[in-house]
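Student: I have a structure here and would like to talk through some of its side-chain contacts. Could we take them one at a time?

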Amino acid sequence: MSVACAAGTAFALGGVYAHAEAASAPVESVSGATAATTATAVSTASVSDVVTAANTFLATLSTTQKSKVLLGFTEANATAWSNLPCGSSCRVGIQFSTLSTTQLAAAKAVVKAATGKGSGTGYDQVSQILAADDVLGKSASGYGSGNYYLAFLGAPSATGTWQLHFGGHHLAVDLTYADGQVEGATPYFVGVEPSGWTGSDGTTYAPLKGMRDGMLAMLSSLSTTQLAQAKLSQSFGDVLLGPAKDGAFPTTKQGLQVNQLTATQQQLVLAALTPWVQVADDTTAASLLATYQSELDATYIAYSGSSALSSQGDYVRIDGPGVWVEFVCQNGVIYRSQVHYHTVYRDHIRDYGGEFSF
């Protein structure tokens, strides 16, 4: 069994499960997409389904509950996310554990409408991350899918500017909308512990396996000389641009420039970053991937520790004019026999829809 899989118990979340082995969408799926032509609007897809789901959820809430969900689209609110199980001390919004069964289903429907439909990515991955927290909660207090928060920063609308802000331990989803378009799909923080488990039906779950495998395939394609060029001198115990690190992109790109790679290797770079981008709805993801594909020549890949991505401190990064993706291995905190993963997807231009200057 790989390090990404360990025995445990599966918990259903909104009836959504996926095999860990599910493949992400093929690279070719973006070849016909049109790259974004501005720094902000990355998709012209209608947000009507998201707005409808949001209003349906709001209709189930009391006045007091609505006051926790409908908040201002301020920098303080938008940047209130973490990879820790710190509850409302580090997040805004309404806590899932306080919702009725009907309200919880409506809340999940909002997240589902806003995120990708792929197997192992988008809403499927989000659901598995919450399920992993329920598994973790069997072994330690303070964890569980009830300790996640949903907020709308600004009123959901097909004409105004607002953000769907959702997250908890090991998850932060920030989707920003403006005038019926998706302005930004980042930051997206996703991590997992346990990194894998087996359900009562024998199905194996590993929510970040596709992300790890894509990065591993990219690194494995490099020659000895290329690996030396991509190797960073720094060591990393966590992602560099996690919570409270907004706008802290390195001023100089490091590692191996993608224009030095073969065409096949370049496709592996694009395939590696795809699972992160697919947190967004499918139309937005295709548009973003087309943009990142057009920027590949100016993109860099780098790693630290071992390129095997199996031990504490193994780290890999993709850094382009727009895209920024990090993946790091850490020793388990509760499940000490296996590593767990932290990752983050950011965009140099489109974080929080480009609405704030950091």
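Student: Which kind of contact do the side chains of Arg212 and Asp213 make?

Tutor: Happy to start there, keeping in mind that this is a predicted model. The N to O distance between the side chains of Arg212 and Asp213 is 3.6 Å. The cut-off for this kind of contact is 4 Å, so the pair counts as a salt bridge.

Student: Is Asp213 buried, partly exposed or exposed, and which class is Arg212 in?

Tutor: Buried means under 20% relative accessible area. Arg212 has 11%, so Arg212 is buried. Asp213 has 29%, which makes Asp213 partly exposed.

Student: Which residues are linked with Arg212 in a network of salt bridges?

Tutor: Asp213 is one of them, as its side chain meets that of Arg212. The network also takes in a lysine, and the residues linked with Arg212 are Lys209 and Asp213.

Student: How many residues apart are Asp246 and Arg346, whose side chains meet in a salt bridge?

Tutor: Their side chains meet at 3.0 Å, N to O. Asp246 lies in the loop between helix H7 and strand S10, whereas Arg346 belongs to strand S14. The pair thus links distant parts of the chain, and the separation is 100 residues.

Student: What is the side-chain partner of Ser195 in a polar contact, and at what distance?

Tutor: Ser195 sits in the loop between strands S7 and S8, and is buried because its relative accessibility is 2%. Its side chain also reaches the backbone oxygen of Val339 at 3.2 Å. The side-chain partner is Gln338, at 2.2 Å.

Key. Residues numbered from 1 in each chain as written. Predicted model: local features only at pLDDT ≥ 70, side-chain atom pairs only at ≥ 80, totals over all residues. Heavy atoms only, no water. Helix = DSSP H or I, 4+ residues; strand = E, 2+ residues; numbered from the N terminus. Buried < 20%, exposed > 50% of the residue type's maximum accessible area, 1.4 Å probe, protein only. Polar contact = N/O pair within 3.5 Å; in protein donor to acceptor, adjacent residues only side chain to side chain.
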